[in-house]
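Q: Can we go through this one step by step? I'd like to begin with how the chain is divided up.

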Amino acid sequence: MESYDDVQDALRDVTNNPDEFVTENDNAQFPPDDNEKSYLGPREAGWTDPVPYSYESYNDRNFANWDGMAPRYEWNDEYGDIGPRNEELEKQLFNDEFMPRAGLRFDELKKSGEEAPYSVKVESEFKLKPISTFDEAGIHPVMKKNLELCMYSWPTAIQCYTIPAIHEQRDVIGIAQTGNPCSGKTGAFLIPILSKLMGKAKKLAAPRPNIAEGWDPKVNAVRAEPLVLIVCPTRELANQIFDDARRLCYRSMLRPCVVYGGAPARLQREELQKGCDILIGTPGRILDFMRQPHVLSLRRVRYTVIDEADELLQADWEEDFKHLMAGGDMNEDSDHRYLMFSASFNKECRKLAGDYLSRDHVRIRISRPGSAVRHIQQVIVWVENHNKKKALYDLLLSLRPTRTLIFVNSKQEVDYVDDFLFNQGLPTTSMHGDRTQREREDAIRSFRTAKCPIMITTGVSARGLDIVNVMHVVNYDLPRASQGGITEYMHRIGRTARIGNEGLATSFYNSRDEDLGPDLVKLLIESHQTVPDFLEQHQPSDTNPSFEDDTTDGEAEKDKEGEDGETGAWAANSDDDDTDADADNKEEEADETWGEDAEGPADLAEGESAAEEQTEQEPAEEKPARGRQPVDRDLVEW
Ligand SMILES: Nc1ncnc2c1ncn2[C@@H]1O[C@H](COP(=O)(O)OP(=O)(O)OP(=O)(O)O)[C@@H](O)[C@H]1O
């Protein structure tokens, strides 16, 4: 797909005539009756060939190409304040064509004052003066150079406020909705923290081997004593933060490491033993290493960051979380700052903030008034359940090929839609919480590099995914109220049009989605999108409806609950409380979010973890290879 206009043109044909697009009885030629024909359509539409999974490669026990093993800048004791360039690494870190970049409309997000496309609410005991350029931030020269290499020309809204707050050594709660113009949460904590530590690393950091002169684990291994601990809910997010940390630590002494379930703990341990200043991870695997005090000590930690706190706290992980926050030998001195970042501020977040953050913490909330989702064209099409597969196939063939993310509501449906499209000749991959970590990393890599430009996934698996050039998001299934409803919808469509880019979100709607109708209409109106006729009944009587998604500060609810004090002012809306979530769904989300991480392998020998056992000792389960199996036509609802 060459441009956003191309997408619009192509889609117009489809959406102008939804009746033609999907009819009940036009299945005569669909699916094509032989395999050759079925492959022809996608080829004519310009899609690349589908790539079958290589199951043999998943059984390679010596595989070491995990995302968490990616190269990072290795410091040499002889360096002065700034290390020399490493051109090879620099190319990998900053010139990767698949690195997400700000789009042409990034400048529109810069407007401030009345013209700003976002609103800001700050609660602080001291006068917080936001910055408007990185130069005003007093950042370390190495960080400045790294920001230039990242092509970050100015800070995003959340960064404008958190950078000075963290420089002032405050605990911070940063709440920013997903997507433009609120994005940039990772930089909002990494930039100021790393910048502050860059000048002091030699003094504060634990001794480490001089890797430049060779590395022998038997002789040189040290205990990891990070200065920064970053906890996040999913492995994919942990890897993304690690990638950002590798870029922002470039040419400095700070050494980032990432640990997460599903990948061999042995390899992660080896990385930790080379020295670790910034530890990023999912809770289960961090706890595993905390139980091995000769491998990991938290006594030097100066900053603990809880990212996507609302997601992290969604299930009943309170005990695990308590251990993580206060367990082991965690530094409990007053020089330890706690930072929480989240898209919403639900009850669990409020409690966590009350338990760990200092009373004088700063709360910053960035939200989008007015045009709620900028730069995303949202199209809602009526499609009966039994027509969804045909509609999806037609849709994909109507548009010129572009990176497309397709959301369905269950893991089984992910497999099924993937098999179906693959068998029709489309270059798909897929991801969900039941896949092995190898498969998950492979899927994201194939999608990112456009080897497989169509990815099917569940909402929870794709939370926070930041992939370059996703120009089309399809809600094959719209999220049910119990799956987060409109909030989840926003998260999903926020995978396109990131950071000043543009994109398209197509959603299949039918009578089963009626509960989402009213919120969807409000959102469409507020973001100046067309409301289709079949949603007219949900038009609000209010002429100027105000859409509120997950970042409402819940003042209304606070009034309702009579809750106030330390955290009450930022109560959540009722969606966040998820009171009507059905148990099955909750369990699935928990599974998806935490995977093996959730299982504390307390009874395993030191140095082992359940996830490691699974990955290293049990080869990936043999599955029937995709594409070699015809779709069971009895099961297909045409
Ligand atoms: N100041 C900046 N200038 C340009 N690009 C930036 C800047 N800050 C962050 N980015 C880029 O914006 C993208 C989104 O950043 P990040 O993943 O931190 O956002 P987020 O707040 O987690 O987003 P979301 O909640 O929408 O998933 C990343 O590709 C990141 O590299």
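A: The domain assignment gives domain 1 as 6-55 + 374-538 and domain 2 as 118-368. These bounds come from an automatic or database domain assignment. Residues are numbered from 1 along each chain as its sequence is written. The model is predicted, with local features needing pLDDT of at least 70 and side-chain atom pairs counting only at pLDDT 80 or more, while totals for chains, interfaces and linings use all residues.

Q: How many residues of domain 1 are in contact with domain 2?

A: 17 residues of domain 1 are in contact with 14 residues of domain 2. In contact means that the C-beta atoms of two residues, placed from the backbone, lie within 7 Å.

Q: Which element gives the largest share of that side of domain 1?

A: Helix α19 does, with 3 residues. Both α19 and α20 (485-493) supply at least two residues each to the side of domain 1 that touches domain 2. Helices (H or I, at least four residues) and strands (E, at least two) are DSSP runs, numbered from the N terminus.

Q: And by class, what does that side have?

A: The side of domain 1 that touches domain 2 has 5 nonpolar, 7 polar and 5 charged residues. Here Ala, Val, Leu, Ile, Met, Phe, Trp, Tyr, Cys and Pro count as nonpolar, Asp, Glu, Lys and Arg as charged, and the others, Gly among them, as polar.

Q: New topic, sheets. What is the strand order in the open sheet of 8 strands?

A: The order is β1-β8-β2-β7-β6-β3-β5-β4, and the pairing is mixed. Two strands pair if DSSP finds at least two bridges between them.

Q: Why is one side of β1 and of β4 left without a neighbour?

A: β1 (119-123) and β4 (256-259) are at the edges and have a single partner strand each, so one side of each has no neighbour in the sheet. From one strand to the next, the twist averages 15 degrees.

Q: What does β4 pair with?

A: β4 pairs with β5 (residues 278-281) in the parallel sense, over 4 bridges. Proline 256 has isoleucine 278 in β5 as its bridge partner.

Q: How do β1 and β2 run relative to β8?

A: β1 runs antiparallel to β8, joined by 5 bridges, and β2 pairs with β8 in the parallel sense over 5 bridges. Lysine 121 has arginine 365 in β8 as its bridge partner, and isoleucine 173 stands opposite arginine 363 in β8.

Q: What about the open sheet of 6 strands, what order is that in?

A: The order is β9-β14-β13-β10-β12-β11, with parallel pairing. β9 (376-382) and β11 (428-431) stand at the edges with a single partner strand each, so one side of each lacks a neighbour in the sheet.

Q: Which helix lies across β11 and β12?

A: Helix α19 (residues 437-448), running at about 140 degrees to β11. Axes are lines fitted to C-alpha atoms, for helices over the stretch in contact, and angles run from 0 to 180 degrees between N-to-C directions.
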